[in-house]
Amino acid sequence: MVESTFFRVVDISICNAYILRKLAYPQNKMSHDIEFRLQLAEELISNKCYRKRMGRPSQEARLHERHFPTKAAKSRRCHVCLLRRQPGQRVSDSSYCCNDCNPPVQLCIDPCFRDWHKIRNI
(Lines give C-alpha, C1' and ligand atoms only; values in the text may rest on other atoms or scores of the structure.)
Protein backbone atom coordinates (compact mmCIF):
# COMPACT_ATOMS: atom_id res chain seq x y z
CA MET A 1 0.00 0.00 0.00
CA VAL A 2 2.73 2.46 1.00
CA GLU A 3 4.86 1.56 -2.05
CA SER A 4 1.97 2.04 -4.47
CA THR A 5 1.15 5.40 -2.87
CA PHE A 6 4.79 6.45 -3.10
CA PHE A 7 5.05 5.54 -6.80
CA ARG A 8 1.74 7.26 -7.50
CA VAL A 9 3.05 10.49 -5.90
CA VAL A 10 6.30 10.21 -7.90
CA ASP A 11 4.31 9.62 -11.11
CA ILE A 12 2.10 12.66 -10.46
CA SER A 13 5.20 14.78 -9.70
CA ILE A 14 6.83 13.75 -12.97
CA CYS A 15 3.62 14.50 -14.85
CA ASN A 16 3.40 17.95 -13.22
CA ALA A 17 7.05 18.62 -14.07
CA TYR A 18 6.34 17.70 -17.71
CA ILE A 19 3.38 20.09 -17.85
CA LEU A 20 5.40 22.91 -16.25
CA ARG A 21 8.25 22.34 -18.69
CA LYS A 22 5.89 22.49 -21.67
CA LEU A 23 4.47 25.77 -20.34
CA ALA A 24 7.92 27.24 -19.62
CA TYR A 25 9.50 26.13 -22.92
CA PRO A 26 6.78 25.98 -25.61
CA GLN A 27 9.42 26.01 -28.38
CA ASN A 28 10.88 22.70 -27.11
CA LYS A 29 9.98 19.85 -29.45
CA MET A 30 9.49 17.27 -26.70
CA SER A 31 6.06 16.11 -27.77
CA HIS A 32 5.44 13.09 -25.57
CA ASP A 33 5.51 12.37 -21.87
CA ILE A 34 7.61 9.25 -22.56
CA GLU A 35 10.44 11.33 -24.09
CA PHE A 36 10.43 13.56 -21.01
CA ARG A 37 10.55 10.55 -18.68
CA LEU A 38 13.45 9.01 -20.62
CA GLN A 39 15.40 12.26 -20.53
CA LEU A 40 14.67 12.63 -16.81
CA ALA A 41 15.86 9.07 -16.13
CA GLU A 42 19.07 9.64 -18.12
CA GLU A 43 19.82 12.83 -16.20
CA LEU A 44 19.09 11.18 -12.85
CA ILE A 45 21.51 8.30 -13.48
CA SER A 46 24.25 10.47 -15.01
CA ASN A 47 27.08 11.79 -12.87
CA LYS A 48 26.10 15.41 -13.35
CA CYS A 49 25.52 17.45 -10.22
CA TYR A 50 23.72 20.78 -10.54
CA ARG A 51 23.75 21.58 -6.83
CA LYS A 52 26.41 23.69 -5.25
CA ARG A 53 28.61 21.60 -3.02
CA MET A 54 28.14 22.23 0.66
CA GLY A 55 30.88 22.05 3.21
CA ARG A 56 33.54 24.20 4.73
CA PRO A 57 33.99 27.04 2.23
CA SER A 58 37.16 28.18 3.97
CA GLN A 59 39.07 24.95 3.35
CA GLU A 60 41.45 26.53 0.84
CA ALA A 61 41.36 29.98 2.45
CA ARG A 62 42.65 28.57 5.72
CA LEU A 63 45.72 27.24 3.89
CA HIS A 64 46.62 30.41 1.96
CA GLU A 65 45.38 33.43 3.88
CA ARG A 66 46.90 34.89 7.03
CA HIS A 67 44.98 33.96 10.17
CA PHE A 68 45.73 35.00 13.74
CA PRO A 69 44.81 33.41 17.08
CA THR A 70 42.30 35.23 19.25
CA LYS A 71 41.48 34.73 22.92
CA ALA A 72 38.12 32.96 23.11
CA ALA A 73 35.37 33.81 25.58
CA LYS A 74 35.50 30.31 27.07
CA SER A 75 37.64 27.19 26.75
CA ARG A 76 36.53 24.44 24.43
CA ARG A 77 38.07 21.32 22.94
CA CYS A 78 40.76 21.86 20.33
CA HIS A 79 39.46 20.99 16.85
CA VAL A 80 42.75 19.46 15.62
CA CYS A 81 43.29 17.45 18.82
CA LEU A 82 39.73 16.16 18.43
CA LEU A 83 40.40 15.06 14.82
CA ARG A 84 43.73 13.40 15.70
CA ARG A 85 42.73 11.71 18.93
CA GLN A 86 43.23 8.01 19.39
CA PRO A 87 40.61 5.84 21.16
CA GLY A 88 40.77 6.48 24.89
CA GLN A 89 42.97 9.57 24.50
CA ARG A 90 41.90 12.78 26.22
CA VAL A 91 41.31 15.86 24.04
CA SER A 92 42.92 19.06 25.32
CA ASP A 93 40.96 22.24 25.94
CA SER A 94 42.05 25.54 24.44
CA SER A 95 41.12 29.12 25.19
CA TYR A 96 42.24 30.32 21.73
CA CYS A 97 40.40 30.30 18.44
CA CYS A 98 40.75 31.44 14.86
CA ASN A 99 37.93 33.86 14.06
CA ASP A 100 39.25 34.32 10.51
CA CYS A 101 38.24 30.75 9.64
CA ASN A 102 34.67 30.12 8.59
CA PRO A 103 33.24 28.74 10.88
CA PRO A 104 35.56 29.86 13.70
CA VAL A 105 37.52 26.96 15.21
CA GLN A 106 38.97 26.49 18.68
CA LEU A 107 42.68 25.51 18.46
CA CYS A 108 45.69 24.94 20.69
CA ILE A 109 48.39 27.51 19.99
CA ASP A 110 51.20 25.00 19.44
CA PRO A 111 51.24 22.93 17.24
CA CYS A 112 47.55 22.72 16.31
CA PHE A 113 47.08 26.33 15.15
CA ARG A 114 50.03 26.04 12.74
CA ASP A 115 49.03 22.55 11.55
CA TRP A 116 45.41 23.57 10.91
CA HIS A 117 46.57 26.40 8.65
CA LYS A 118 49.38 24.51 6.86
CA ILE A 119 48.30 20.87 6.46
CA ARG A 120 45.54 20.11 3.95
CA ASN A 121 44.24 16.80 5.35
CA ILE A 122 44.42 16.62 9.10
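Author: A word on conventions comes before the features. This is a predicted model, in which local features need pLDDT of at least 70 and side-chain atom pairs count only at pLDDT 80 or more, while totals for chains, interfaces and linings use all residues. Residues are numbered from 1 along each chain as its sequence is written, and side-chain values use heavy atoms, with hydrogens and water left out.

Reader: In what order do the three strands form the open sheet, and is the pairing parallel or antiparallel?

Author: Strands of a sheet pair through backbone hydrogen bonds, in either a parallel or an antiparallel sense. Helices (H or I, at least four residues) and strands (E, at least two) are DSSP runs, numbered from the N terminus; two strands pair if DSSP finds at least two bridges between them. Here the order is β1-β2-β3, and the pairing is antiparallel. The edge strands, β1 (70–77) and β3 (105–106), each pair on one side only.

Reader: Is S94 buried or exposed?

Author: Buried means under 20% relative accessible area, exposed over 50%, and partly exposed in between (1.4 Å probe, protein chains only). S94 lies in strand β2 (residues 93–98) and is buried, because its relative accessible area is 4%. Contact means heavy atoms within 4.5 Å. Leaving aside residues up to four places away in sequence, S94 touches K74, S75, R76, Q106, L107 and C108.

Reader: Which residues make up the largest nonpolar core?

Author: A nonpolar core is a set of buried Ala, Val, Leu, Ile, Met, Phe, Trp, Tyr and Cys residues joined through side-chain atoms within 4.5 Å. The largest one has twelve residues: C78, V80, C81, V91, C98, C101, V105, L107, C108, C112, F113 and W116. Two or more residues come from each of α4 (79–84) and α5 (109–118), and α5 gives the most, with three.

Reader: Where does L107 lie, and what does L107 touch?

Author: L107 lies in the loop between β3 and α5 and counts as buried, because its relative accessibility is 0%. Beyond residues up to four places away in sequence, its contacts include C78, V80, S94, C98, C112, F113 and W116. L107 and T70 are 37 residues apart in sequence and 9.8 Å apart in space, C-alpha to C-alpha.

Reader: Is the peptide bond from D110 to P111 cis or trans?

Author: That bond is cis, with omega near 5°. P111 is found in helix α5.

Reader: Which residues form a nonpolar patch on the surface?

Author: Like charges are joined within 9 Å, and nonpolar side chains (Val, Leu, Ile, Met, Phe, Trp, Tyr) within 5 Å. Accessible areas come from the Shrake-Rupley method with a 1.4 Å probe; for residues, only the protein chains shown count as cover. F6, F7 and V10 form the patch, with about 300 Å² of accessible area together. V10 lies in helix α1 (residues 2–24).

Key: Patch = residues over 30% accessible without salt bridge, like charges linked within 9 Å, V, L, I, M, F, W, Y side chains within 5 Å. Salt bridge = Lys/Arg side-chain N within 4 Å of Asp/Glu carboxyl O.
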